[in-house]
Amino acid sequence: MPPPEPMPGYGTLLRRGYGSLAEAARGCGDCGWELARRTWAENAHLGWAEVLLCGLCALGWTALRCACSRSIFRPFGEWCNLQPKDAAKMPESAWKLLFYTLSWSYGTYLLFFTDYPFFHDPPSVFYGWKQGMEVPTDIAVAYLLQGSFYGHSIYATAYMDTWRKDSVVMLLHHVVTLTLIASSYAFRYHNVGILVLFLHDISDVQLEFTKLNVYFKHRGGVYHRLNDIISNVGCLTFSVSWFWFRLYWFPLKVLYATCYSSLQSVPNIPFYFFFNALLLILTLMNIYWFLYIVLFVAKVLMGQMQEVNDVREYDVEDAGKSARARKREAGIQLPKALKEGLHLRNGLVKDKRL
């Protein structure tokens, strides 16, 4: 096996990545739907039994989330006497924190506690690639869990989660991710898929943990300083990890491997443009969200926000849909004050006549 290749800089990535894409485009004389159809028929290996199993697991995640929200998360929020708005949102974050912690821990195990060298030597994801090669069981399990969860997440974002201004982008993200998971499994690019999932899950763990501390800092009618401190620290570490994992390591490890190293290992690698286009879309969405994160941190530093009220404060909920989503998620009645025409702002009930 060749020695690990040093991780390149942004300049090397742009130069070699663009050069490889341009050269591959010039050499593709018959690119089109017919070539795509033929390439899919010859290289894709995804059985209906695997698709059905993934779909059943997606339904299982949805049922498990509803059961956890009804039996664990919502009763715990009521026991802690959270504010109504926070109590309605808490089950969503608790569920996501539970899954992303488990998935990121499993990804960490695969990359750092097994013989897979993908993190330290990203080009190795394509060493020994063969058409229809067998997927190791431990990686296949990770793919089943992640693929079914993102299938569930498409439904959950539309019908279970609190609706936000970036929810449409979130839906697009889930569709792109599920497409990447399914197609990378079918074409046996599972090694690079594990690296992509690992680099993205850590930010979701920090995001949901920080949001939970935001919800718990005002409970039982008492301000809890510890949760406030944790949420502020979590906001900072979340911002740093987003840049480090998604905008530094992800391009230099994953995009470099898929755009440049893949052609060095497999000169006629199937669906080269398709996979790199999806990964570039994922990169653009990461940049899109990072701009919001920078704006949020700037507001805090400039004193425009006295405290971290929500790590995604830039997301303004649509009142009508969010109320319905919270009602479906938590299975509770709307607050009596809301029915009587009062407004809930920052968890405080204010009469319209005041």
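Visitor: Which residues does V254 touch, not counting residues up to four places away in sequence?

Guide: In this predicted model, V254 touches V192, L195, V196, L199, W249 and L279, with residues up to four places away in sequence left out of the list. V254 also belongs to the largest nonpolar core, which has 77 residues, and it is among the members that touch the most others, together with M90, Y189, L199 and F250. Helices that each supply at least two residues of this core include α7 (190-216), α8 (225-265) and α9 (272-301).

Visitor: Why is S148 called buried?

Guide: The term applies under 20% relative accessible area, and S148 counts as buried because its relative accessibility is 1%. S148 is found in helix α5, and, residues up to four places away in sequence aside, it touches C54, C57, A58, W61 and Y143.

Visitor: What makes G221 exposed?

Guide: A residue is called exposed over 50%, and G221 has a relative accessible area of 83%, so it is exposed. G221 is found in the loop between β1 (218-219) and β2 (222-223). Its C-alpha atom is 7.8 Å from that of N81, although the two residues are 140 apart in sequence.

Visitor: What makes V297 partly exposed?

Guide: V297 has a relative accessible area of 27%, so it is partly exposed, given that the term covers values between 20% and 50%. V297 lies in helix α9, and its C-alpha atom is separated by 8.3 Å from that of S239, which is 58 residues away along the chain.

Visitor: How do you know what α7 should span, and what is the distance between its end C-alpha atoms?

Guide: The expected span is 1.5 Å times one less than the number of residues, so the 27 residues of α7 should span 39 Å, and its end C-alpha atoms are 39 Å apart, which agrees. α7 is also mostly covered, with 26 of its 27 residues buried.

Visitor: Where does the UniProt record place the feature "transmembrane region", and what is the helix content of residues 139-156?

Guide: The unreviewed UniProt entry places this feature at residues 45-64, 97-119, 139-156, 168-186, 229-249 and 269-297, and such annotations may be inferred rather than shown by experiment. In the model, residues 139-156 are 100% helix and 0% strand, with end C-alpha atoms 25 Å apart, while residues 269-297 are 90% helix and 0% strand, with end C-alpha atoms 42 Å apart.

Visitor: What is the average pLDDT of the protein, and over which residues is the pLDDT below 50?

Guide: The protein averages a pLDDT of 84, and 83% of the residues score at least 70. Over residues 311-354, however, the pLDDT is below 50, although this stretch has 69 contacts in the model beyond near neighbours in sequence. As for the protein as a whole, the secondary structure comes to 11 helices and 4 strands, and buried residues make up 49% of the 354 residues.

Note on methods
Residues are numbered from 1 along each chain as its sequence is written. This is a predicted model: local features need pLDDT of at least 70, side-chain atom pairs count only at pLDDT 80 or more; totals for chains, interfaces and linings use all residues. Side-chain values use heavy atoms; hydrogens and water are left out. A nonpolar core is a set of buried Ala, Val, Leu, Ile, Met, Phe, Trp, Tyr and Cys residues joined through side-chain atoms within 4.5 Å. Buried means under 20% relative accessible area, exposed over 50%, partly exposed in between (1.4 Å probe, protein chains only). Contact means heavy atoms within 4.5 Å. pLDDT is the predictor's confidence in each residue, from 0 to 100.
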